[in-house]
Amino acid sequence: QVQLVESGGGLVQAGGSLRLSCAASGRTFSDYTMGWFRQAPGKEREFVAALSWSVIATVYADSVKGRATISRDNAKNTVYLQMNSLKPEDTAVYYCAASYRSSLKGKYDYWGQGTQVTVSS
């Protein structure tokens, strides 16, 4: 089992920045591809970004490309999502997820509880 705990969400004005963190425990963190997803009220959960477990490869949703950076610190068992130039449409609950040795768009097996991000206009 892998336990994931997100933090760093909050209320921010449009144009501002936030850094979300996701702390993992339970297994060898470096063996997991890590992803960020989000779900806005009344909408389905959507992919935001992912970072591979082996080669440092990343992928981003078009909606955040150029404004988001996903990174990981294997020594701290933590994955980050830096979000800049935030827009009201970025308002959502953000979830991190882990997938064992998978490709960037593989199936995610473990999920955190989420952290709320609210962007005011």
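Cys-22 and Cys-96 are both buried, where buried means under 20% relative accessible area, exposed over 50% and partly exposed in between, with a 1.4 Å probe and protein chains only. The model is predicted: local features need pLDDT of at least 70, side-chain atom pairs count only at pLDDT 80 or more, and totals for chains, interfaces and linings use all residues. Residues are numbered from 1 along each chain as its sequence is written, and side-chain values use heavy atoms, leaving out hydrogens and water.

A disulfide links Cys-22 to Cys-96, with an S to S distance of 1.9 Å; the criterion is a pair of cysteine sulfur atoms within 2.5 Å. Because Cys-22 sits in strand β3 and Cys-96 in strand β9 (residues 92–100), the pair ties together parts 74 residues apart in sequence. Strands (E, at least two residues) are DSSP runs numbered from the N terminus. A search of the whole structure finds 1 disulfide.

Strand β3 (residues 18–25) also runs antiparallel to β1, joined to it by 5 bridges; two strands pair if DSSP finds at least two bridges between them. In this pairing Leu-4 stands opposite Ala-24 of β3. Leu-4 and Glu-6 form the covered face of β1 (residues 3–7), while Gln-3, Val-5 and Ser-7 form the uncovered one.

Both strands belong to an open sheet of 4 strands, in the order β1-β3-β8-β7 with antiparallel pairing. β1 and β7 (68–73) are at the edges with a single partner strand each, so one side of each has no neighbour in the sheet.
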